[in-house]
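Work through the exercises below with the sequence and the model side by side, and try each task before you read its solution.

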Amino acid sequence: QVQLVESGGGLVQPGGSLRLSCAASGSIFSIYAMGWYRQAPGKQRALVATITSGGNTNYADSVKGRFTISRDNAKNTVYLQMNSLKPEDTAVYYCNVPWGPTHPWGQGTQVTVSS
């Protein structure tokens, strides 16, 4: 069983930055592609960034140029550096595999961008 724990969210003004962390346990972390998802109330969960086991990254158009996904396999952790935040980035952020069957979802971490 894989456990995913997200952290690092908070309240930030537009234009500000946050760095999210996702710690994984109970799996061989290094073999998995990983992604960050976000979900606003009443909306579908959306994939916003991915990173393969080899380090290749992709981003949704909505965050491209502002967010950076990275990973530290030695720490079983994936990160999301978020810069130039906008109010529309407000959501609960989750990590999980970007393709195939997902692991059980963690609690997520709330990001609120307030103007």
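**Exercise 1: the disulfide**

Task: Find how many disulfides this predicted model holds, and state which cysteines are joined.

Solution: Start with the cut-off, under which a pair of cysteine sulfur atoms counts as a disulfide when they are within 2.5 Å. By this rule the count comes to one disulfide. The bond joins cysteine 22 to cysteine 95, with an S to S distance of 1.7 Å. Then turn to the torsion about the S-S bond of cysteine 22 and cysteine 95, which is about 60 degrees, so the disulfide is right-handed.

**Exercise 2: the nonpolar core**

Task: Determine how many residues the largest nonpolar core has, and which element gives the most to this core.

Solution: The largest nonpolar core has 26 residues, and those with the most contacts inside it include Val78 and Tyr93. Among the elements that give two or more residues to this core are S3, strand S8 (77-82) and S9, and S3 gives the most, with four residues. Looking at valine 78 and leaving aside its neighbours within four places in sequence, we find Cys22 and Cys95 among its contacts.

**Exercise 3: the sheet**

Task: Give the order of the strands in the open sheet of six strands, and name the bridge partner of tyrosine 93 in S10.

Solution: The order is S2-S10-S9-S4-S5-S6, with mixed pairing. Within this sheet, S9 and S10 pair in the antiparallel sense over three bridges, and the partner of tyrosine 93 in S10 is threonine 109.

Note on methods:
Residues are numbered from 1 along each chain as its sequence is written. This is a predicted model: local features need pLDDT of at least 70, side-chain atom pairs count only at pLDDT 80 or more; totals for chains, interfaces and linings use all residues. Side-chain values use heavy atoms; hydrogens and water are left out. A nonpolar core is a set of buried Ala, Val, Leu, Ile, Met, Phe, Trp, Tyr and Cys residues joined through side-chain atoms within 4.5 Å. Buried means under 20% relative accessible area, exposed over 50%, partly exposed in between (1.4 Å probe, protein chains only). Contact means heavy atoms within 4.5 Å. Two strands pair if DSSP finds at least two bridges between them.
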